Amino acid sequence: MYKLLKNRFTARLFRTLVSATSFGLKMVRHFPNPYEDYQPGLELVNKDEVIKNIEENVGVITKRMQPSPRTVDGGLYVGTTGVSYMFYYLSRNPLLSDKKVYFLEKSLEYLQPALETSAGDKTSFLLGDAGSYALATIIKKETGDDLFKEYLKKFKSLFNLYLSKNFLKCGGDEFFVGRAGYLAGALWISRELKIPVFTNNELYKICNVMVASGKEYSKNHESPCPLMYHYYNTQYLGAAHGISFILQMLLTVPGYLEHDKSAAQDIKASIDFILSLQTTEGNWPCCIEEIGMAEHKLIHWCHGAPGTVYLMAKAYLVYKDQKYLNACKRAADVVWQKGLLRKGPGICHGVAGNGMVFLLLYRLTGDDKYLYRATSFASFINTEEFLRDARLPDNPESLYEGIAGTVCYLSDLLVPDKAEFPFQDVFSTYMF
């Protein structure tokens with residue numbers, strides 16, 4: 001798989017096709033879906049094939065990406081820390097338990113450079129040291145190393161920085177570098193350790209700042225949405241930098257909706273506003289500035305239905321309103337039709353991330369159709385057409401752009417009732 005993806009001529013050809021759009025040629029962002037939709041009796045998951053595929057991809061990653069200070073930059077998103085997370089994720093899979101010790105050893109090996117060299121800003125969860133501290137806490141604890149307490153202390157020491165009103169001028173509330181990312185990390189640590197990292201009241205302090213930030217920005221920009229946010233002056237809607245992940249975190253912090261009824265009303269009204277923006281085919285605009293466009297072409301986890309669907313899933317689980325589940329089903333349908341992306345195999349803007357939508361729907365509904373769709377997307381990553389014509393990611397072994405994320409997706413196919421997008425579990429209540 002990797003050799004074909006690594007073909008530089010293919011990558012240059014793709015970039016040529018992209019530049020050709022400047023001359024009026026239409027760029028096709030996705031491969032045509034070659035699969036018939038699910039019919040009862042079709043095979044869902046061939047576990048032996050999936051395990052073999054995991055092993056092949058892990059072999060490629062360990063050969064092509066060595067843990068070193070040179071590969072720390074980019075943190076969980078595209079750095080060595082993300083590969084460490086992949087190995088930890090594999091170690092938790094009961095069908096791969098015979099290799100658990102090896103996976104944990106490799107997880108520590110790939111994490112170590114990030115504990116010696118900063119991955120970026122300390123307060124950034126996906127791109128910086130906050131994510132490294134979170135992962136170190138869990139892996140050290142899992143391997144019986146008492147140093148986990150020191151890394152947990154480092155993670156918690158960042159808390160007060162997020163309470164500053166002017167935390168980040170570029171937009172301090174989103175997932176990658178903002179408050180929502182730190183909340184996601186805190187909740188993930190709590191779930192893995194099975195103990196609360198912060199008290200509920202401490203978590204509520206961050207939530208309060210996020211709500212106040214959203215209200216102020218909405219008022220100043222006359223937004224129809226009660227809460228609105230920006231990242232570098234763009235009002236993104238998706239999971240990467242936008243309001244959908246922020247709202248999901250506000251829904252997820254245990255007890256917050258009951259703690260602040262006024263905030264709860266604004267959160268619910270904001271979710272319904274985002275719901276109203278879903279197009280008839282099931283996608284969402286990338287940002288507020290694109291509302292009203294004839295077509296919304298980005299069907300990525302970072303921008304579009306494959307990321308916003310997690311907010312709708314969480315809203316369905318919290319409010320028990322069928323309209324949110326219907327939105328999830330519409331999102332899954334557009335992903336099935338247009339989600340075989342040419343941008344590569346990753347989870348941020350690639351086929352694996354889109355395939356994870358079907359695993360989410362499988363957990364929500366129990367419908368085998370979605371597990372079949374997830375398996376089909378995984379199969380397509382190994383087809384000659386994809387290997388020949390897909391774009392080579394900038395960071396081809398990484399968690400979010402590359403095949404480390406694909407490996408997590410394949411791992412989920414083995415235990416679909418436990419599948420989750422990294423740091424975006426909608427099913428846990430985080431009550432201990």
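How do the axes of helix H8 and helix H9 cross, and within what distance do they come? Let's start there, and please keep in mind that this is a predicted model.

Okay, so two packed helices are described by the angle between their axes and the distance between the axes. Here, H8 covers residues 148-156 and H9 covers residues 179-193. Their axes come within 11 Å, and they cross at roughly 150 degrees. Angles over 145 degrees count as roughly antiparallel, so H8 is roughly antiparallel to H9. As for the handedness, H8 passes H9 in a left-handed crossing.

Now, who is touching whom? On the H8 side we have Leu 152, Phe 155 and Lys 156. They meet Tyr 182, Gly 185, Ala 186, Ile 189 and Leu 193 in H9. If you sort that contact by class, you get six nonpolar residues, one polar and one charged.

Searching the whole structure gives three cavities of 30 Å³ or more. I'll talk about two of them.

The second largest cavity has a volume of about 40 Å³. Which helix gives the most to its lining? That's H9, with three residues. H9 and helix H11, residues 243-252, each supply at least two residues of that lining. Among the lining residues are Ala 184, Leu 187, Trp 188, Met 249 and Thr 252, and you'll also find Phe 423, Gln 424, Asp 425 and Tyr 430 there. By class, that lining has six nonpolar, two polar and one charged residues.

On to the largest cavity, with about 80 Å³ of space. It's lined by 13 residues, and the closest to its centre are Tyr 310, Leu 360, Ala 419, Glu 420 and Phe 421. Helix H16, residues 351-365, provides the largest share of this lining, with four residues. The lining splits into eight nonpolar, one polar and four charged residues.

Last stop: pockets. How much space lies in the largest pocket? About 400 Å³. There are 19 residues lining this pocket, and Lys 165, Asn 166, Asp 173, Ser 213 and Glu 216 lie nearest its centre. The largest share, six residues, comes from helix H10, which is residues 200-220. The classes here are seven nonpolar, seven polar and five charged.

Key: Residues are numbered from 1 along each chain as its sequence is written. This is a predicted model: local features need pLDDT of at least 70, side-chain atom pairs count only at pLDDT 80 or more; totals for chains, interfaces and linings use all residues. Side-chain values use heavy atoms; hydrogens and water are left out. Axes are lines fitted to C-alpha atoms, for helices over the stretch in contact, and angles run from 0 to 180 degrees between N-to-C directions. Angles under 35 degrees count as roughly parallel, over 145 as roughly antiparallel, 65 to 115 as roughly perpendicular and the rest as oblique. A crossing is left-handed if the near helix is turned anticlockwise from the far one by less than a right angle, and right-handed if clockwise. Contact means heavy atoms within 4.5 Å. Ala, Val, Leu, Ile, Met, Phe, Trp, Tyr, Cys and Pro count as nonpolar, Asp, Glu, Lys and Arg as charged, and the others, Gly among them, as polar. On a 1 Å grid over the protein atoms alone, a cavity is a set of points where a 1.4 Å probe fits but cannot get out, and a pocket is an open set with protein on both sides within 12 Å along at least five of seven lines; lining residues have an atom within 4 Å of a point. Grid points are joined across faces, edges and corners, and a volume is the space filled by probe spheres set on the points.
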